[in-house]
Amino acid sequence: MRGAHQAFFLDDDEKTRAIELLRRVEEFSGVIVLAYAIMSNHFHILIYVPEPEDIGDEEILRRINALYREVMREILAAREAERAEREAKGEPASSRRTDPDHPQSLQQRYRLA
């Protein structure tokens, strides 16, 4: 991204990335993007906002994954690298799974008291 007089200018790769992000946010939020126009220094978006509806846990997780899939891949890769490093040093694996106070599932982790 280049800047001039406090304006921003997107190149073609940045415009492509902006469209990818727009689609992920669309999937996460449940709105429907009807049309968009991305210029070098601004954009326009026309969206449809459907009526609110109840969604279950699976849908919530699917939407979170849609928005944060790249971040989650990076986190998981970093954890795997740390685990491999510990294993190479002969250190024990993380004790989170064996800790009785550590929740084993999303239901346990976010249970309402």
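Predicted model: local features only at pLDDT ≥ 70, side-chain atom pairs only at ≥ 80, totals over all residues.
Residues are numbered from 1 along each chain as its sequence is written, and side-chain values use heavy atoms, with hydrogens and water left out.

Next, switch to cartoon view. You will find three helices and four strands. These are DSSP runs numbered from the N terminus: helices are H or I, at least four residues, and strands are E, at least two. Along the sequence the pattern reads β-β-α-β-β-α-α.

Now select R24. It sits in helix α1, residues 12-29. R24 is buried, at 12% relative accessible area (buried is under 20%, exposed over 50%, partly exposed in between; 1.4 Å probe, protein chains only). Show R17, A66, L67 and E70 too: R24 is in contact with them, leaving aside neighbours within four places in sequence. Contact means heavy atoms within 4.5 Å. Across the chain, buried residues make up 10% of the 113 residues.

Move to helix α2, residues 57-88. Pick I75 there. I75 is partly exposed, with a relative accessible area of 33%.

Finally, select F28, I55, I60, L61, I64, Y68, V71, M72, I75 and L76. Together they make a nonpolar surface patch of about 800 Å². Which helix gives the largest share of the nonpolar patch? Helix α2 does, with eight residues.

Conventions
Patch = residues over 30% accessible without salt bridge, like charges linked within 9 Å, V, L, I, M, F, W, Y side chains within 5 Å. Areas by Shrake-Rupley, 256 points an atom, 1.4 Å probe, with all protein chains shown as cover. Salt bridge = Lys/Arg side-chain N within 4 Å of Asp/Glu carboxyl O.
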